[in-house]
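User: I'm new to this one and would like a quick tour. Could you show me the model and then take some questions?

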Amino acid sequence: MKLKSLIVGASLAVLAAGSGWAEGVKVGMITTLSGGGAGLGIDVRDGFMLAIKQSGRSDIEVVIEDDQRKPDIAVQLSDKMIQSEKVDVLTGIIWSNLAMAVVPGAVAQGKFYLSPNAGPSALAGKGCNKNYFNVAWQNDNLHEAAGAYATEAGYKNAFILAPNYPAGKDALTGFKRFFKGDLAGEVYTKLGQTDYAAEIAQIRASGADTVFFFLPGGMGISFLKQYADSGVGLPVVGPAFSFDQGILQAVGDAALGVRNTSQWSKDIDNAANKAFVESFQAEYGRLPSLYASQGFDTANLLISAVEKADVSDADAFRAALEAADFASTRGDFKFGPNHHPVQDIYVREVIKEGDVYTNKIVATGLEDHADAYAGECKM
């Protein structure tokens with residue numbers, strides 16, 4: 001892999017060794033590489049770049065920038081990449097509020113956007129676009145599976161909480177869509193919050209029989225540690241974002257036994273996933289996370305399109321993306337009519353393997369699951 005320094009900011013242009021067609025494709029990756037959400041963006045970047053390296057192609061150039069988890073910075077970077085860097089494809093955004101700030105403008109200028117993470121409902125339904133593809137999930141999906149699992153597990157009265165931003169709202173909407181019990185409480189917290197004493201006091205007094213929360217990254221670490229120390233003791237259900245490989249070591253024993261939902265796990269039994277887990281660990285010295293798998297799949301989707309069509313022929317390139325002709329770490333993978341995945345979502349349990357906290361699949365939560373907004377998408 002060859003690295004070329006750029007003059008502005010902390011950009012990297014990465015060219016993989018190999019051969020390909022002459023014109024090539026230029027990718028702008030805007031992701032979170034500093035601050036509280038840095039681990040998520042680093043994993044997306046590393047998974048993406050591993051796939052590019054493994055492809056051996058010299059016709060895919062990747063320019064990488066840090067959005068600092070700030071919408072205004074993300075918009076500035078997008079404008080620079082489109083107008084100055086002349087990128088063909090954008091990718092990388094972790095946070096839904098940043099996606100909402102960047103994606104509509106990018107696709108309006110004829111650029112392709114491949115999301116390796118954020119999947120706000122506004123971009124899945126009426127705000128869908130023919131050049132927008134989500135390779136991870138629509139925001140509601142993992143939470144829908146958590147709601148279905150909580151119902152199946154016999155919980156009747158759930159206390160639910162999430163940050164007050166688009167993905168948080170989608171999370172609680174998704175959980176409620178599939179949970180058949182009552183709500184003991186519904187709370188939106190501040191994005192980036194680290195002190196949850198007030199919310200835990202509300203949970204204690206609520207009469208709930210379970211707690212569902214969506215608090216990605218450092219927010220989830222803080223909540224789980226404080227919740228474990230509080231002695232409340234109610235069983236916890238959540239999506240993978242607070243129980244994924246990148247943060248489990250920081251949470252420790254407080255996470256053991258927790259059931260969480262994910263479309264990916266390191267123990268999914270297919271050749272592509274086994275090879276990915278092994279090669280990621282060899283390349284970076286750590287087990288991959290959900291975010292790393294999504295970055296890897298996003299790059300392989302891009303590579304599959306590059307192999308079939310020139311990005312300058314937008315219709316042909318779009319058709320190649322829609323075909324999703326690549327070996328996903330998830331196994332079966334296809335897009336619905338709004339360019340969001342139709343896929344299985346699993347129930348995992350946090351376990352300890354030696355000194356390492358990780359997850360194992362214990363059930364399939366939802367099979368061939370599509371999102372609730374596809375019917376609103378007209379394109």
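Analyst: A word on naming to begin with: helices (H or I, at least four residues) and strands (E, at least two) are DSSP runs, numbered from the N terminus. This is a predicted model, where local features need pLDDT of at least 70 and side-chain atom pairs count only at pLDDT 80 or more, while totals for chains, interfaces and linings use all residues. Residues are numbered from 1 along each chain as its sequence is written, and side-chain values use heavy atoms, with hydrogens and water left out.

User: Is Asn338 buried or exposed?

Analyst: Asn338 sits in the loop between E13 and strand E14 (341-353). Buried means under 20% relative accessible area, exposed over 50%, and partly exposed in between (1.4 Å probe, protein chains only). Asn338 has 0% relative accessibility, so it counts as buried.

User: With which side chain does the side chain of Asn338 make a polar contact?

Analyst: Contact means heavy atoms within 4.5 Å. Leaving aside neighbours within four places in sequence, Asn338 is in contact with residues including Ala124, Tyr373 and Asp371. A polar contact is a pair of N or O atoms within 3.5 Å; within protein, one must be able to donate a hydrogen and the other to accept it, and residues adjacent in sequence count only if both atoms are side-chain atoms. At 3.1 Å, the partner of the Asn338 side chain is the side chain of Asp371.

User: Why are the buried residues of H12 on the same side of the helix?

Analyst: In helix H12 (residues 314-323), the buried residues are Phe317, Arg318, Ala320 and Leu321. They lie on the same side of H12 because the arc they cover around the axis is only 160 degrees. That arc is taken over the directions from the helix axis to the C-beta atoms.

User: What is the relative accessible area of Lys86?

Analyst: Look in the loop between H2 and E5 for Lys86. Lys86 isn't a glycine, yet its phi is positive, about 60 degrees. Lys86 counts as exposed, because its relative accessible area is 56%.

User: And Arg69: buried, partly exposed or exposed?

Analyst: Arg69 is in the loop between strand E4 (60-66) and helix H2 (71-83). Its phi is positive too, near 60 degrees, in a residue other than glycine. With 25% relative accessibility, Arg69 is partly exposed.
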